[in-house]
Amino acid sequence: MSLRNTEEAIFKNYISKQPSYNELLDEDGNLLTHWKEFFETYKTLGHEEFVNRNQHLQKLLQENGVTYNVYGDPTGQSRTWNLDPFPFLMNNEEWKKIESGLKQRAHLLDLIFKDIYGENKLIKNGLLPAELIYNHAGFLRECTGIPFKNKHGLILYSADVARSPDGNIWVLNDRTQAPSGSGYSQENRAAMVRIFPEFFKEVKVKRLSSYFTTLRNTLNSIAPSSNTQPRIVLLTPGPRNETYFEHSYLSSHLGISLVQGDDLMVKDNYVWIKTIAGLEKVDVIIRRVDDIYCDPLELKEDSQLGVPGLLQVIRAGNVSLANPLGCSILENPGLLPFLQNISNYFTGEELILPTLASWWCGQPRELKYVLDNLGSLVIRRIYRDTATSSSIDASSLSSAGLKELRDQIMMKPYLYIGQEKILFSSVPSYVNGNIEPRNVMFRSFLVSNNGTYEAMAGGLTRISSDAKSFIISNQAGGFSKDTWIISSEKYKSEAPPKDLQQAERHQHNDALPSRTAENLFWVGRYADRILANARYMRTVIQYINSKEGFSTDQDSHTEKVLLKALTHYTYSYPGFTDENNKEILQNPWGEIYDLFMNGERTGGLRYNINMILRSADAVRDYWSADTWRILKSLEEHRENQQTLKNRHKLINSLDNLITSMVAFIGLNRESISREHGWLLLDSGRKIEQSLLLITMLQSLMTQDHGASSQYDMMETFLSSNESLVNYRYTYKTHIQMSLVLDLMLFDNQNPHSLIHLLEKLKVHFEALPKGPTIYELHLHEKLVIEAITILKIADKKKLTKSDSETKEYKHLDELLSKLFSILLSVPFEISRTFFKHAQSQKQLYSSDIV
Amino acid sequence: MIYNISHKTKYTYNEQVSLCQNIAKLFPRNTDIQKCIKSEITIFPEPDVVNEYEDYFGNKSVYFSLQKAHEELTVTVNSLIEKQKDETEISLIDQLSWEIVKGMLYEPKQEYFEARQFIQETGMTSSNQAIVEYTLKSFIKGRPFIEASENLMQRIFKDFKFQPGFTTIATPPSEVMKHKKGVCQDFAHLALACIRSLGLPARYVSGYIETVPPDGKEKLVGADASHAWFSIFVPNIGWVDFDPTNNMIPSQKHITIGWGRDYRDIVPLKGVIFSSDSHKLSVEVDVRRA
């Protein structure tokens, strides 16, 4: 099949721009066999439909919240993951060779790792220069001499490979510290299968799932104890990390807990996870935290991402890490020139995948070569840090830049290697509506498996952001592609394998990690705060609108009280209570818009939306796809509303927000499967509702403002608490204070009443883990019981009697104040009891050396 | 000569601390001229976990963890040390110049290989142009390594003011060089930065020094302190110590605890607690002839 005849119009562009090795066509311009089925399906689908599907694909990624955080991005931290609908195809024969080359390399690196931290034969026998290791910041002296219990020290290995113009495959980077991308690969595949099912019917693509099954089994098998159900956690630096999405995705895909450093602690030479039911032993940590950050006691002192004392547990052999600490020494590109000799030494094997010609500048001859040929080489630092780019294409530098680079190398030559530059092959990519060539690099993933390594049959393909560039990085805005290994067998569906499902079920029974609990609690609080604030704001705006033009003095008095109440209610002082700015009550719109839109304004709606998104994001594996879509729509609220300064649009927007929040709250019960999680979320909601209810009563109903005002206020109060209809239905009479109080404070049948909320809280608390003694209640339980009792024994008649002089409902005010102060302590006590991760860590030093 | 050393560290917290983990490196090593007869650690309250091990440089390390709520922590190490006569006569006549030493270290010998680990600068011993220039005034062409180092020690002693409180653990040598002030640890780090900047091996030594009270006065209990100096590696001779704070070659009055590339490798006592509140620290060191 000649490509020119079939999709000429589209591919003309692609072919003419082709600068390097062509992944599609042979020398005669004929399509390579392994692409044939793809293009046949593509043709059947039609370009138009392909483009159309791509829109669905992008939408799906966005809705699923697939993101990649870009450091220092002023527009907000997360960016939707870029996936090119055009996959990267590789035929099985070629893949087999790459696979065996990668396995061989993983073995070799494993041997080097164990040697460097163990017997040290390579350095002693002159196969590795000592300076290359000892000058590398990734060599952790604290990790030497720790015995390796498993066959492999290196559990996970990733390599970036690319093809040079002559068709050879080269390894560009070795990633051993905390290799990322396997989760994105899986997500890419899942999205592609969903959007382009035709391709997977016709094209024989290898599945990825076996890799994850093996990964799960391997994690189980490296557990130090003989526990058949070891507790495995994924340690993440947190939501601000660039690949946080993947951490959360992987932990949920593997059915393990996602934790941050302060979720864990060291005690009795074991690692424990803090849960709301106490401490639980952790056996295996799959880590995404760089090694020097993992233990502030022995490694980087100011790290807040690690677990103090972790290395002691590792030395005691009571926890296994994938990968072990110290692995980043293997990411040292200075090793490259020595790999073949080391392989000869250990196994006598030729490297199947050759390494790019590289010269380590720590040797005089090599240094001279690099300096003499500087302009044509890529210069790399042996240690990678996020602050500076570790790779420099010297040919792109000005003469001043070259001189600077030369000086840097001369100053500390051992920190640099020079490497031959290759042009990566290119593949068709769908860019800006065209199909264009892009340079391609492919990351593969390997995991230790019973003494050998298994490679994912696919991986993460990444392409450069423009046709000429050979620097490929997600930080620089590159795109990813799904990677298809074309075999002779048909694609089978990617259902999670059996043991994964079992594992998942098991993990769901584990106690809730305390950070997760806290985030869920706060999601609950913010959800009701947003809902209640939006409802009240809407009611106030409607009141102002309804009176506009023909309002009496009484009405304008009511309006002022309502506005002041808005400030109390949202806790956004001084706002309408500002004694120095009386103007604000005359013309309230500026303040109302600000409360609605200003994300920096504490207590404002936008601010609270930001807060709920932050908490929700930290526990994203708790939300179903539908729930997540609603949360994403809140984000859109945030983005779209900046220019909105129109009352009707404002009300419309509040309506939408309220609908979203109601939907979100409604979905939680079904989507949160873990009982304690839901209890905490709902407790957060109930506490928030109780406090808000009291605040509103205090600001609207503890003062007699005259009959007409009072009527309006009670109506506002009932309507913004979704209870006006209920009132009318229950009492079938006009609004009276004593009945309003009955309905909203004392009527247990009314789900919006304070007594109902408190009784629910009491029941929730009983279902949460108990304290150390069975017969002693937690303090937050006692507080709720106290509040219930105070409410129940209140003298109701007195509550509706106002003082004839001050016009205050003194007894009501006292009752509400008392309840408020009791209930305000509840969240604090919950936090003290359950959220144990919140303790801050501090260094002790005895630095009196003179 | 036999010394009794008592080193007591006390932390008082402002609030109860439920978990406290520490690593102590306070146990004098055996050296050519020093024998550690005993060295015992006493921790109060009683720790729940104690792990004893040797670190990468062979220094004895004790990890301990207190897992019950406590308001103060006292760590006392009592050591008994015997100093032996220094037999090595260092003759300046047939000594190697620093340039020759630099080249020799790359010969394949185990001890050279060990010494080369102490050439690379660390965060605490980084150099700059000013430091290199300062160094080269002592390291003149062809000068024996030992003589140049001794000269460097003397110049640091003369040019720099001993001033506690001016620097912190985090003050880099460039700042010390600029202000010409600091304490023993700064002078040791500076000397290391100097020597390493020329590609020569030198290590940081942690220890004690016996202080002598002014004439006629009784020595105050607990008036001593931890001390630090530096040591260079010379082929055929081994490690040779220099104390730039006191301008002397350590011998009978210096007691070595251990060594590393810099302070960070041999922090006498460090720990992590979970607390949001502050704490008070008091240290008493006593070095006495037995």
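The following legends describe close-up views of a predicted model.

**View 1. Helix H6 of chain B and the residue after it**. Helix H6 of chain B spans residues 184-197 and comprises 14 residues. The distance from its first C-alpha to its last is 20 Å, close to the 20 Å expected at 1.5 Å a residue. Because 14 of the 14 residues of H6(B) are buried, the helix is largely enclosed by the rest of the structure. B:Gly199 follows H6(B) and has a positive phi, near 85 degrees.

**View 2. Domain 1 and domain 2 of chain B**. In the domain assignment of chain B, domain 1 consists of 2-84 + 267-289, and domain 2 of 98-266. A separation of 24 Å is found between the C-alpha centres of domain 1 of chain B and domain 2 of chain B. To their contact, domain 1 of chain B contributes 19 residues and domain 2 of chain B contributes 19 residues.

**View 3. The side of domain 1 of chain B that touches domain 2 of chain B**. At least two residues of this side come from each of strand S1 (2-17), strand S6 (70-83) and strand S14 (279-289) of chain B. S14(B) provides the largest share, four residues. By class, this side of domain 1 of chain B holds 11 nonpolar, three polar and five charged residues.

**View 4. The contact between chain B and chain A**. Chain B supplies 39 residues to this contact, and chain A supplies 31 residues. On the side of chain B that touches chain A, strand S13 (residues 269-274) of chain B gives the most, with six residues. That side of chain B comprises 22 nonpolar, 14 polar and three charged residues.

Methods:
Residues numbered from 1 in each chain as written. Chains lettered and ligands numbered in written order. Predicted model: local features only at pLDDT ≥ 70, side-chain atom pairs only at ≥ 80, totals over all residues. Expected span 1.5 Å × (residues − 1). Buried ≥ 20, exposed ≤ 12 C-beta atoms within 10 Å, placed from the backbone. Domains from an automatic or database assignment. Contact = placed C-beta atoms within 7 Å. Nonpolar A, V, L, I, M, F, W, Y, C, P; charged D, E, K, R; others polar.
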